[in-house]
Amino acid sequence: MERERDPMFWRSLNERYANKRQLPLYREQLAREFPPEAAPHSDLVSRRQFLKLMGASLAMAGLSACGYKPQGPVIARAKIPEEALPGESLYYATAVTLSGYAKGVLARVYEGRPIKLEGNELHPASLGSTDAFTQAEILNLYDPDRSQNLLKFGQIQPWQAFTSELMQQLAIQQAKKGSGVRLLTGIITSPTLADQIQTFLKAYPQAKWYQWEAVNHDNVYEGTRLAFGEWLNPIYRVRQAKVILALDSDFLYLGPAAVRYAREFADGRRVRENQREMNRLYVAEPMPTVTGFSADHRLPIHSSRIGLLALAIAQAVGASVQVEAAGELTPDERKWAEAVARDLMAHRGESLVIVGEAQPPTVHAIAHAINATLGNLGKTVVFTAPPEAKPTLCTNDIRTLAKEIEAGQVEVLIMLGTNPAYDAPADLNFAELIPKVPFSVHLSRYTDETSALCVWHVPESHPFETWGDARAFDGTVSIQQPLLYPLYANTRSALELMATINGQGGKQPFELVQSYWKGRNLVPAAQFDAFWRKSVHDGIVPRTALPIKSVALRLQPLPPLPEAGQGFEIRFAPDPTLYDGRFANNTWLQELPKPVSRICWDNVAFMSLKTAQELGVVGTESVALVHDSAPLVQIRVNGRTLVAAAYPIPGHVDNAITLHLGYGRTRAGSNGSGTGFNAYTLRSSDAMWFARGVEVVTTGQRYTIARTEEHHLIQHGQLDSTHHRPIMLVGTLQEFKEDPHLEKHRHGHAKNGELPSMYRGFKYDRYQNPQNYRYAWAMVIDPTVCIGCGACVIACQAENNIPVVGKQEVVRQREMHWLRIDRYFKGPVENPRTYQLPVPCMHCENAPCELVCPVAATVHSEEGLNQMVYNRCVGTRYCSNNCPYKVRRFNYYRYTYYKQPVLHLLQNPDVTVRGRGVIEKCTYCVQRINHARIQAKKENRRIRDGEIIPACQQACPTKAIVFGDINDPDSEVSRLRREPHLFAMLEELNTKPRTTYLARLENPNPELSAEAHDAASH
Amino acid sequence: MAQVFKRYHNTVARATIGGGLLALMALIFGGSSITRSPWWTRAGEPPDQPVPFSHKHHAEELGIDCRYCHWSVTKSAHAGIPPAEVCMTCHSQIWTNSPLLQIVRDTYQQDKPIVWNKVNDLPEFVYFDHSIHVNKGIGCNECHAGIEKMQLTAKSQPFSMWFCLNCHRNPEQYIRPKGEVFNMYYKVPRTAEEMRALLEKHGIPWNGQLPRNQQELGALLVKHYNIHKEQLSDCSICHR
Amino acid sequence: MQQAIRAQAVQEAPLFEGEQTYERITAQIGDIPFEKHPIGWTVAFGLGFAGTTLLIFAIAVLLLIGLGIWGINQPVAWGFAIINFVWWIGIGHAGTLISAILLLMRQAWRMSINRFAEAMTIFAVMCAGLFPLIHTGRPWVAYWLLPLPNWLAMWPQFRSPLEWDVFAVSTYFTVSVLFWYMGLIPDLAAVRDRAKSQLAKVINGILSWGWRNSAIHWMRFESAYLLLAGLSTPLVLSVHSVVSLDFAISIVPGWHVTIFPPYFVAGAIYSGFAMVLTLVIPFRILYPKLREYITMHHIDMMAKVMLATGLIVFYGYMMEAFFGFYSANLFEKYMITNRMTGPYWPVYWALIFCNGIVIQALWFPKVRHNLFWLFIISLIVNIGMWLERFVIVVTSLHRDFTPSGWGMYGPTFWDWATYIGTLGFFVMMMFIFARFVPMLAMAELKDLWYRLYGHRGGHNGHAPAKEPTHAPTSGGGA
Amino acid sequence: MAHVATTTQPYGIMAEFDSPEALIEAARRTRLEGYRRFDCYTPFPIHGLTDAMGVREAKVPWTVFICGLIGALFGFGLQVYTSAIDYPLNVGGRDLISWPYFIPITFECMVLFAAFGAFIGMLAYNGLPAPYHPVFNVPQFARASVDRFFLCIESRDPKFDPERTRAFLQSLNPISISEVEP
């Protein structure tokens, strides 16, 4: 059949055959029709669900205790090539793209189905780590709501019908040189696809190609144009920077290079006994972000006044910048600016100023001027040509397209993967424009808001199902190779669609990609095959990174800064877990507590407590929110209105609200639709990121939001949400230099002291002698470098088959994440210090949980693991009550109960799927430990340090988590446990945790540190 | 007052009590022995199969090594059900048109899987790894006893937790030299000569005292193969 | 001894109302099962039955859908189920106390209420035992808590207080049943001998094992009975101590308290007596005959015990608070502050009101002799003791060590349904008991009468004319 | 009645009294008279009666004690065997034989076994269940559970002689005398 790819070019043959073997299995499963279900367990006690579950629980297979079930079937492949090893996973290098930019990953493929993504060390944007989005991509692949059929006005159509119609439309256009054809795509870095599009544009010279991303970096390009006269792509060498100033920029969390920047940032902060230096981060931003939480000094300030701040700093460092600015900095802001400026000047050539994409070009230009003045150009910040195939200003593109449609100039509109009907600026009314186009084609993975308005909807293949390529932030190209046989017969990739349009319908994506690269002549034809295999194998094409351009500052006349009146401001920002809304149907990301606010399944209008009280959305009493219900407010931005839940958060600037994009979708799929509030309805093309003159009025109604951390701690004056408990050890670099043990901050933290106990206890170090060597597993986490991005949480979820429970259950505090990230505030509510702490199971040697289990379902292993045996668990939940760290989770319902069989393909075969009524918790990824142990034993050797990497450590962008064997004194974890500033959470309970932490260190600027310091010391 | 009961009712009453107690015991012991019986555990019950494959014929009569079909057993957790390909290596030459093998031929030509019925089925929360067992000297027929004698394949052990623990607690009683793992006819050496021969054959050093029986041989091998006995009864060894 | 009893009888309200003879005692009590029952019985039984049906439904839903239908969550993984368990088991204790401890203490006034109280114990323990079973995530494997040899080669984990519960509660139940049934044997024989219908004769004949009132049998009976009492006394103390250890063994602030065992036991007896009063007062109205044997004197004594134990419990509360502040442990301090001022403050203060303030009224004889107010107070005490368990379970769990793990708890419809269901079951069982079994221990009453007033000592509820010819060797039938 | 007695040996002869005092007196004299195999029947336990009859025994207490001992040993043994010998598991770093944790169950087992000892022992020594017994043949005996007090000299007694025994009982001036059919 036509799907049959040429077997020669699969990276490994068994891959293909494995897929063939899988094929009948899941095709047959998917043949059955499954209605998409609402978010799992949202309304369990409703009658419908009751009956459904009656069936389910009566057929209680999972983990049932007794008896021999009738043996099931076992499928024997027809053919297996030699290297195939049933039951063993294979790893394939590929890349995941987010708004065009690639992050390299290694996909673990088990028996023909990818089940886990891990970072690719060789890839510049990954360095072996991933962010939460990348981790969750695997769920997108298996999303049951994916579009599977070719639709015309919602009716299923055969492929031929589409091609013939398309061809005759194109034929008509051919005559007019394609003057009526418009192509709308997301930002495209894929050389092959771009090549296809160019071919197309050659054939239709007057056709136009526009790109649109709701979260774009127009301002960055414009900024470089103002500063250097051309569009450039700034790349920051964060590692080299001793002092970093981030202006309204979340560079540690968002953006194509975020993972790399986070790693470099962390590398500049790992303080050890023999490494007592750390960089210093200043952040000025309206709403706390991941970056802001990691800052040593954070200044809450309106987006519209960042410009003034930048200007003040520029003048202070002596950069010559002429720009007209209205408004004044407050004395405090000025003091802050000057202090920062002095610090920057003290670190010429090793300082860095980063400006976020939300800031107008002028501010970017000012920042470039500062960097130039400080001699940072070429040192901490370098520039390349834009990696995009066709650099552009998305906002202009979409505006022009809208105008053209308005003017009726567009007869054929082909959209590859974007969703303008949902995320285009509200003033363009794009949703009303699309139907005006006589012939519109929309290629996307979901029948989303845009598909619904188009004539034709073409289901898009997931990148893991097809061949492709994409560039990283620095231009490095990755070849995307298929990981499994396409789940659905009718899906196409953008490449295939363009090929069809270009009349190369027969060609396979593989040929297209490979022939393109053959054509580049990167290597002599003879060596191409080896080159190709290496590129595919490594996940990067060698020597494709863009060359560094040496640039000199040539400031153009700068447009004036936005008027910084004192009016009420609204700020739009990409959602921390849904980005621009493309992940709306990804339940992992929906349920991942947002890094800053710890809210799931919704976005809210963030504001400061003061503002909230002025608006009357919360009373003046100390507790801001009644349990989980937040007041609804109506937001008016020049004529457009939106009702959203108001939510006070410490550290937000007054007289402003922040709304995250990406929610309030209507056709995202069964899980994404109808969650949150659609901020795009307020966003206009002239105020893409922030707007002044906003009115907010209370509606009197309330709205239930799901949070994983109680909010009772919002109160006036000084916050301390740890309630002065010895949960974290916090100190400053200065204090560390004076006393690495930080004694003065250790309340109840006995410094590696043995507390008295009634029992002899088990001594695990008795296994250190080589004759009878036994491992002792432990973990050390460094909160100083943890930025709280949540990648570990999703990685854990993917690795351990952790179910999603849905908003209702989160509201009832039954979220199942094995690993949570605690967030604590200290200091003035207006701008508190914030501390984050990843909390997995502590694997206490004196585990309180084990003692109280009546059936020995949780006991210790010889290697000191706190084992949880699901199939023995009776479900008394006493262990959870008795766990001081509250890391145990209980299956109140049968959460892992997939109505859609496709989701079964996602599950990790090495981890038991927990049934109803059992406790579960972090196991230190015992499946990985066992796998490594078995390998080692077969090879009669010891497990090497670093051979076992738990999912969380694997994913962590900053490598804040280290796992290993403490019976081996040379292992990294042993070395970390010897660090003076090590502490154990709630040490005084004498639970002897195997998971320990290093102190959270900060590097405040003495000039500013007064309050920061007070807050730091508790 | 008139008697409510007859004289024999005394006997009845006592008999009832005694009988009740007996019945209770019978219930307990009966129950526990039933759950261990093959009738419950399905040990020795060959399930129906699409192809009437005989291990007796292939393994015993033809003497084909286990690994010829289950080649992944030494490297992977799964021993692997051989693909039709493997069957065809021989059956493309012999029995080329036996009706019994029709399915196999179709499978091979149409490249679609054969669906067998599981014989040894572990619960989903138990993780058994073939490779480590065969690499540490646990013979195939410790668990698949008498497989080489089976016309139709059935599981020969209940595979209850108790069964597994039995060996995990004292492997000495079951372990054998690695080289003998696939030998279906391996016997524990009776005489010192045999023992010495065995150990020399597999190059297993013994210092001083030559093991006299399985217990001692086992102890020697456990040490030699560096098996951590205490660890083997950890929950997470089998349950994750 | 007997003088003491006499003195009591003289000064205070008498232990019997009106002229009694052995014949009359037997007739009054022994005939109740054969008589027509008051309409009130039908009504109460009906209500109880309705409750039981609700209980069965609630449990069915629970088994089919899962624990999620309850309000429990992380961090509050124990909710109504455990609260009710402790509450019920506590109520049970009054029965054993009355029958065993008062027996050893030679309290004459126990005779007329012990049978009734023991029945209450048994049914209360039934209700209690239900909860730990259904509150497990997988009740169908709850038998793993029993040390049965099995093919998993696994045993229970005997360090867990929950495992102790299994033994304590089952032992307690068994012993209570034995004790109760043993006391019933002679009375069933009496009923057998009086019964008109052959069926009644046969049934009672079988249940009384052919008891024939032989003096030698009586001798063995009494030593066995006394020994059972001697066993039950430490048992009853141990059971609620073990229940308290369910909490005290843990490290949760608010649970990890050394005074829990004594304070739980006192609380148990306290709530138990409250429940006896709550039942006895209506029963006296329903069955006027009982007033001759359950006199104001008994009521008064029970009220006094309630007062005494109530004060112990109140002391316990004050100690908890004191420990909290004195411990200089910030977790403990926060825990107690949170109880008093945290989100659940109303519950805590309601508890103090019920168990601390209200019972002070019992100091006044007027109140103790006013059945209406006594009934109200007993109800309030029942509620108060339930609230106590709520405070202990929920407010301790909902904010423990790690603030990030804090949360709130609220019951759902199904929580209430299960609780009310057990109440219904309890009432139903009590009325079934009243319907088929002699409610008071006839033989013991005759014995008491004999020892008080001698053989048919003529009297009209006051001191008899003539001394009994010999002094009984001991009180309470020993 | 008498002639019936001559034909078949009766179970015994039973005298009926109307007060405990009378019965105690009668019992005392019966014993003095040299009778050994006789028994009294009373609606409630009467103290001093068995002394008067000269019956003493402590079987039940001993049974209870032994059972209690067995129970305690069983309880503790079970826990040690299961958690330290059969499947030793490292539970929260506690010792395998962490005896303080084993006390409660040891105690409960003791009580349980002892209680069964008391109950079953009592019934067994009394030869119950015995739904049928000759004494029930006596019509008035129904009141033995209500308000009458009986003394029955059994024919097994060596000193038993229908005539003289009857005469002797007469001398105790009971309310009534009746022969107990076997």
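In which helix of chain C is C:Thr418 found? It is in helix H15, residues 413-436. Helices here are DSSP runs of H or I with at least four residues, strands are runs of E with at least two, and both are numbered from the N terminus.

Some housekeeping before I go on. This is a predicted model, where local features need pLDDT of at least 70 and side-chain atom pairs count only at pLDDT 80 or more, while totals for chains, interfaces and linings use all residues. Residues are numbered from 1 along each chain as its sequence is written, chains are lettered from A and ligands numbered from 1 in the order in which they are written, and side-chain values use heavy atoms, with hydrogens and water left out.

Back to C:Thr418. At 3% relative accessibility it counts as buried; the cut-offs are under 20% relative accessible area for buried, over 50% for exposed, and partly exposed in between, with a 1.4 Å probe and protein chains only. Leaving aside residues up to four places away in sequence, C:Thr418 touches C:Leu55, C:Ala58, C:Trp70, C:Phe131 and C:Ile134, where contact means heavy atoms within 4.5 Å. Its side chain also reaches the backbone oxygen of C:Trp414, at 2.6 Å.

Next, the interface of chains C and D. On the chain D side 66 residues are in contact with 62 residues of chain C. The two chains bury about 5700 Å² between them, and 72% of that is on carbon and sulfur atoms. Buried area is the accessible area, taken with a 1.4 Å probe, that two parts lose on being put together, summed over both.

How many salt bridges does the rule find across this interface? It finds 1, the rule being a side-chain nitrogen of Lys or Arg within 4 Å of a carboxyl oxygen of Asp or Glu. The partners are C:Arg220 and D:Glu57, with their closest N and O atoms 2.5 Å apart. On the side of chain D that touches chain C, H5 gives the most, with 15 residues.

Now some backbone details. Most residues other than glycine have a negative phi, and most peptide bonds are trans. C:Trp209 has a positive phi, near 55 degrees, and is in the loop between helix H7 (198-207) and helix H8 (215-248) of chain C. C:Trp209 counts as buried, at 18% relative accessibility. A:Asn655 also has a positive phi, of about 50 degrees, but is partly exposed, with a relative accessible area of 25%.

Two peptide bonds are worth a look. The bond from C:Gln74 to C:Pro75 is cis, with omega near 10 degrees. Another cis bond joins D:Leu128 and D:Pro129, with omega about 0 degrees.

Last, a sheet in chain A. Here 4 strands form an open sheet in the order E39-E32-E41-E40, with mixed pairing; two strands pair if DSSP finds at least two bridges between them. The edge strands, each pairing on one side only, are E39 (961-965) and E40 (982-983). E32 (residues 777-781) and E39 pair in the antiparallel sense over 5 bridges, and A:Trp777 has A:Asp965 as its bridge partner in E39.

Note on methods: A polar contact is a pair of N or O atoms within 3.5 Å; within protein, one must be able to donate a hydrogen and the other to accept it, and residues adjacent in sequence count only if both atoms are side-chain atoms.
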